[in-house]
Amino acid sequence: MEKALKKYFVIFTVPTLIAFAFAFIIPFIQGLYLSFCEFTTVGNAKWVGFENYKLAFTEGQGFTRALGFTAAFTVISVITINIFAFAIALMLTRKIKGTNLFRTVFFMPNLIGGIVLGYTWQQMINAILYQFETTIVSDAKYGFWGLIILMNWQMVGYMMIIYIAGLQNIPTDLIEAAKIDGATSWQTLIKVKIPMVMSSITICMFLTLSNSFKLFDQNKALTNGAPRNKTQMLALNIYDTFYGKTGYEGVGQAKAVIFFIIVAVIALAQLSFTRSKEVEQ
Amino acid sequence: MKKKVISALLSVAMISSLLIGCGGSDTTAEAPAETAETSTETEKAEEPAKEAETTEASAEGGSVYYLNFKPEVDEQWQEIAAAYTAETGVPVKVVTAASGTYEEVLKSEIAGSDAPTLFQINGPVGYNSWKDYCMDLTDTELYKNLADKSLAVTGDDGGVYGVPYTVESYGIIYNDEIMQKYFAMDGAVAKSVDEINSFDTLKAVVEDMQAKKDELGIDGVFACTSLLPGEDWRWQTHLANIPVYYEYKDKGVTDLDELEFTYSENFKNIFDLYINNSTCAPTLLGSKAVTDSMAEFALGQCAMVQNGNWGWGQIAGVDGNVVTEENVKFMPIYIGADGEANQGLCTGTENFWCVNSATSEANQKATLDFVNWLISSDAGKDYMVNTLGNAAPFSTFGDDEKPQDPLAKEMFRYMENGKTSVSWNFTTFPSQDFKDDFGAALLEYCNGNMTWDEVADTVVTRWAEEKAATK
């Protein structure tokens with residue numbers, strides 16, 4: 001077996017490695033290089049050292065403000081999405097009628113693209129705000145909660161499926177044993193179910209965290225940063241820097257590298273934290 | 001067993017994050033994808049011609065690739081490309097960037113191996129970012145035939161790098177039917193549009209009309225001031241041009257590193273007039289797009305809308321359009337500056353053709369031949385004027401070779417009646433970012449979150465910052 005694996009190692013891994021190199025490693029290294037350059041197109045870059053990184057943090061860039069907004073958004077959306085998803089998963093594993101229909105319905109929003117969702121919700125939220133003679137772009141808090149609602153609507157169904165899979169994998173004898181020992185349903189939930197689905201929680205936390213942090217389409221379509229870039233998230237800030245300002249392509253690239261580091265650090269920290277809570281079955 | 005489930009779940013999670021990652025980049029890919037679609041058409045059309053005349057084409061060796069800026073004339077360009085290929089055998093590919101994505105598409109396309117040979121910039125600021133790719137056009141037929149040489153974009157070295165292919169005007173478009181109805185009323189402030197030749201009369205007329213809007217059968221005098229992000233260019237670019245024009249004129253300059261915004265009050269006055277005498281409340285403007293404004297005008301819900309001669313297509317294209325061709329007219333935008341009684345429309349261009357200096361010489365030659373064909377051959381001129389509706393500023397075009405839509409006719413009327421046109425100085429506005437911030441500040445002003453002083457302050461500081469940044 002070992003030998004066979006070694007023998008076919010090349011055949012099985014090289015195609016993937018090549019694809020990975022072309023689609024990820026090479027662009028990544030080029031991007032890293034470009035973040036130290038001044039350029040208009042990738043072909044005519046000029047080395048400028050750390051200048052771009054210094055510029056990225058100047059006040060006019062709004063990078064730190066976007067970081068603050070993104071962090072606030074991520075915290076709220078991770079909490080709300082996971083609570084709603086878990087609650088719905090609990091409800092839909094109770095063998096009530098029409099469970100499958102509900103699961104499908106909850107999952108469906110996930111199949112719609114972010115741009116479409118953004119515009120749809122912009123129309124819907126504006127339709128309500130019209131009653132009060134205002135619009136989603138008149139105040140940053142409308143944009144913020146609009147994004148939270150949108151993300152919940154889109155992501156809850158997906159996370160729900162993962163939680164359902166986790167809940168269905170809890171051995172029934174464990175729950176029965178808890179019942180016989182006289183545990184209330186609340187105690188069963190806290191002491192048995194949640195520890196047993198910890199691996200699902202890890203995945204869901206990871207997905208919601210990284211997706212919320214990297215959110216772009218929905219942000220662009222819903223408010224496009226209005227009013228005055230107060231609802232601009234990191235990815236949109238980078239995009240606007242790259243395409244909106246002449247001569248700032250390198251700064252946009254530097255921001256993107258910083259963005260990558262932040263996302264990687266947060267995601268890895270979160271993974272190792274929730275992993276440590278998982279129980280061996 | 002459990003392990004397997006977990007690993008399966010994890011791999012699902014990983015794959016989905018990959019998929020979601022792809023989803024994220026969709027938007028950026030969208031523009032080229034859309035354009036790719038439109039370009040296939042020509043390629044198809046090209047093929048038979050190519051086969052028939054391969055020898056000729058390969059002898060020359062060059063081909064033309066035009067990256068078109070205006071999505072509204074994409075089909076027309078495809079038609080022209082096919083016609084040119086049929087006539088000369090030179091392959092012409094036209095790709096159109098989706099609205100608002102031109103810079104992005106150009107950035108990615110020009111870096112590729114099959115780069116556009118002909119593209120466009122919006123003026124000196126655009127030239128600044130694309131100067132490495134602009135070829136000197138001084139010795140070309142294109143430049144030699146340009147009627148007014150001052151319109152071209154020149155570099156510091158005196159070379160000519162961008163040549164305008166059309167001239168456009170904007171002002172306040174009004175519905176003459178509604179205006180005549182008003183003038184016929186008792187107690188009307190003015191009796192004809194000719195009497196409106198200053199901001200004060202304009203204001204008096206507009207406010208009186210707004211008070212009598214029910215009798216006039218309109219919802220408001222002005223169409224909504226569209227301030228949806230990305231739809232605010234009529235204000236932060238076009239309207240803002242007028243105070244900047246007067247400031248430049250007072251100071252005798254054509255560009256400034258630091259704008260004082262001396263006509264800030266004038267801008268506020270006209271802007272207030274727009275938003276307070278409109279079809280909807282100022283707080284709702286953040287949800288309005290340009291098409292909303294044009295639709296309101298076309299449906300006769302308002303009497304005036306600020307836009308340019310390109311707006312005719314939009315007005316005519318609205319379903320249930322009640323405005324007839326002879327009632328669509330232009331008047332200048334008055335802001336209360338000295339001597340504005342003689343002010344005309346804002347006329348200029350931000351459409352300059354550039355030839356890619358990085359492409360092969362054969363391609364450059366093919367491209368120059370192509371544009372030369374457009375401005376000098378009968379077929380090409382016909383396409384320029386009648387198909388594309390361009391008011392081409394070349395000496396090769398005769399007096400009868402002008403677009404015939406009502407707004408274009410108005411534009412020529414203003415050019416010829418001795419009024420002073422306001423030039424397009426927004427081509428010197430520092431960056432898109434500046435304009436976006438200006439538009440965002442206007443929106444905040446409409447929502448009551450910013451005072452006018454703060455808006456003016458934003459304009460002055462952002463101008464200076466962005467000018468310094470692009471030096």
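Reader: How many helices and strands does chain B have?
Author: Happy to start there! This is a predicted model, where local features need pLDDT of at least 70, side-chain atom pairs count only at pLDDT 80 or more, and totals for chains, interfaces and linings use all residues. Residues are numbered from 1 along each chain as its sequence is written, while chains are lettered from A and ligands numbered from 1 in the order in which they are written. Helices (H or I, at least four residues) and strands (E, at least two) are DSSP runs numbered from the N terminus, and chain B has 18 helices and 12 strands.

Reader: How do H3(B) and H15(B) pack, roughly parallel or roughly antiparallel?
Author: Helix H3 (residues 74-88) of chain B packs against helix H15 (residues 378-387) of chain B at about 175°, their axes 11 Å apart. Axes are lines fitted to C-alpha atoms, for helices over the stretch in contact, and angles run from 0 to 180 degrees between N-to-C directions. Angles over 145 degrees count as roughly antiparallel and those under 35 as roughly parallel. Therefore H3(B) and H15(B) are roughly antiparallel.

Reader: Which residues have the most contacts inside the largest nonpolar core?
Author: Such a core is a set of buried Ala, Val, Leu, Ile, Met, Phe, Trp, Tyr and Cys residues joined through C-beta atoms within 7 Å; buried means 20 or more other C-beta atoms within 10 Å of a residue's own, with C-beta atoms placed from the backbone. The largest one has 184 residues, and helix H6 (residues 140-168) of chain A gives the most, with 12 residues. Those with the most contacts inside this core are A:Met159 and A:Tyr163.

Reader: What percentage of chain B is buried?
Author: Chain B has 471 residues. Of these, the buried share is 46%.

Note on methods:
Parallel < 35°, antiparallel > 145°, perpendicular 65-115°, else oblique. Buried ≥ 20, exposed ≤ 12 C-beta atoms within 10 Å, placed from the backbone.
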